[in-house]
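Hi,

Here is the structure I promised to pass on.

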Amino acid sequence: MIPGNRMLMVILICQVLLGESNHASLIPEEGKKKVPGLQGRSAAQSHELLRDFEATLLHMFGLKRRPRPSRSVTVPRYLLDLYRLQSGEAEEIGAHDIDFEYPERSASRANTVRAFHHEEHMERFHEVGDGESMPLRFLFNLSSIPEDELLSSAELRLYRSQIDEATADKQSLHRINIYEVLKPPRPGQLITQLLDTRLVRHNASRWESFDVSPAILRWTREGEPNYGLAVEVLHLNQTPRHQGRHVRISRSVSQEPGEDWEQLRPLLVTFGHDGKGHPLTRRTKRSPKQRGRKGRRNCRRHALYVDFSDVNWNDWIVAPPGYQAYYCHGECPFPLADHLNSTNHAIVQTLVNSVNNNIPKACCVPTELSAISMLYLDEHDKVVLRNYQEMVVEGCGCR
């Protein structure tokens, strides 16, 4: 991964060009500087540099090309809530409307979360019967997962609706079974292996999460054929007229007013790691570091807001719309004060500089960097939540 300070350098160069085209700038007005030679570049040269800039950032984000999402793509609420919890935004706006626990165990081994809706057009490609007892097969296209991404776990999320107390006993139950389909389906026959099961009551509307890791890991790590997952809903203590109304596994199920099938349809979520950076962790927003006015010319952190709309990336980056990257700038004067967070080498170098100007002063550089989380649509219209390291300057010092 490209270090954060190199990325900021590329952004700075790009914004000089964007300034020539009357685009909004990522750099505060006081921080703008003209770079000799750039003003005389032709439109073709500027376009080529902008293209290289975009390619550099896309490579850093692990993308081969710029995503061009279709308008029909739906971002699952689950990933939006995961982003808010993981990035610390939920604390700012209140997390009372988030109705699930943060998946500490799954996220602690992953820096990337991907969401997949089933291939709905293939839902009944292999007919297995319409009886209530027959499982319904779902196919998930996982080909967009990179080969170098090692999956650690996967879950299938299904939404179940509460039944009106007037039409169902509070003690009514149904069992949900999740299977891996082991062989190509034949008419009236589905060879499966049980992955997870749960007995649930009808008196609540909520998402149920099922562990399907064994099947997903076989398909991705071991290269086993992917024949899909099957869902079976067994209704207990219930009349036939109520069957099929509770677990949302098909668009054909009667929808209640105001319900959105695109948000309530089955969702497969994978947790993986690409070997770069640290895993996802539930974070709290850091308080901005306050410094006095004394020594404002000395090495310190300055604001640098990166706005993704400046490069027209807000059509595929769902969140955040931008972020404070910050940058380090200022003098490293002799003698170096303790608050300048200097190394012994920087102290010695500054000491030598005070008697020999041929030796440069220590430089003001980032000494602490933190990560950001990004929720975006990839080249395959899949929704991805990913943790990117060394994106925000948290501290500066003389080195």
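Predicted model: local features only at pLDDT ≥ 70, side-chain atom pairs only at ≥ 80, totals over all residues.

Which handedness does the link of Cys 299 and Cys 364 have? The link is right-handed, with 75 degrees about the S-S bond. Residues are numbered from 1 along each chain as its sequence is written, and side-chain values use heavy atoms, with hydrogens and water left out.

Back to the cysteines. There are three disulfides in the structure (a disulfide being a pair of cysteine sulfur atoms within 2.5 Å).

In the pair of Cys 299 and Cys 364, the sulfur atoms sit 2.1 Å apart. Cys 299 is in the loop between strand S9 (267-273) and strand S10 (300-302), while Cys 364 belongs to strand S15 (residues 364-377), so this bond ties together parts that are 65 residues apart in sequence. Helices (H or I, at least four residues) and strands (E, at least two) are DSSP runs, numbered from the N terminus. Cys 299 is buried at a relative accessible area of 7%, and Cys 364 counts as buried too, at 15%. The cut-offs here are under 20% relative accessible area for buried, over 50% for exposed and partly exposed in between (1.4 Å probe, protein chains only).

Next, Cys 328 is joined to Cys 396, with 2.0 Å from S to S. The torsion about this S-S bond is about -85 degrees, so the disulfide of Cys 328 and Cys 396 is left-handed. Cys 328 comes from strand S14 (residues 327-329) and Cys 396 from strand S16 (residues 383-398), so parts 68 residues apart in sequence are tied together. Both Cys 328 and Cys 396 are buried.

Then there is the disulfide of Cys 332 and Cys 398, whose sulfur atoms are 2.1 Å apart. The torsion about its S-S bond is about -95 degrees, so it is left-handed. Cys 332 lies in the loop between S14 and helix H8 (344-353) and Cys 398 in strand S16, so the pair connects parts that are 66 residues apart in sequence. Relative accessibility is 2% for Cys 332, which counts as buried, and 0% for Cys 398, also buried.

Number the bonded cysteines of the chain in sequence order and the pairing reads 1-4, 2-5, 3-6. Cys 363 is in no disulfide: the nearest cysteine sulfur, that of Cys 332, is 7.1 Å away. Cys 363 is partly exposed, with a relative accessible area of 46%.

Cheers
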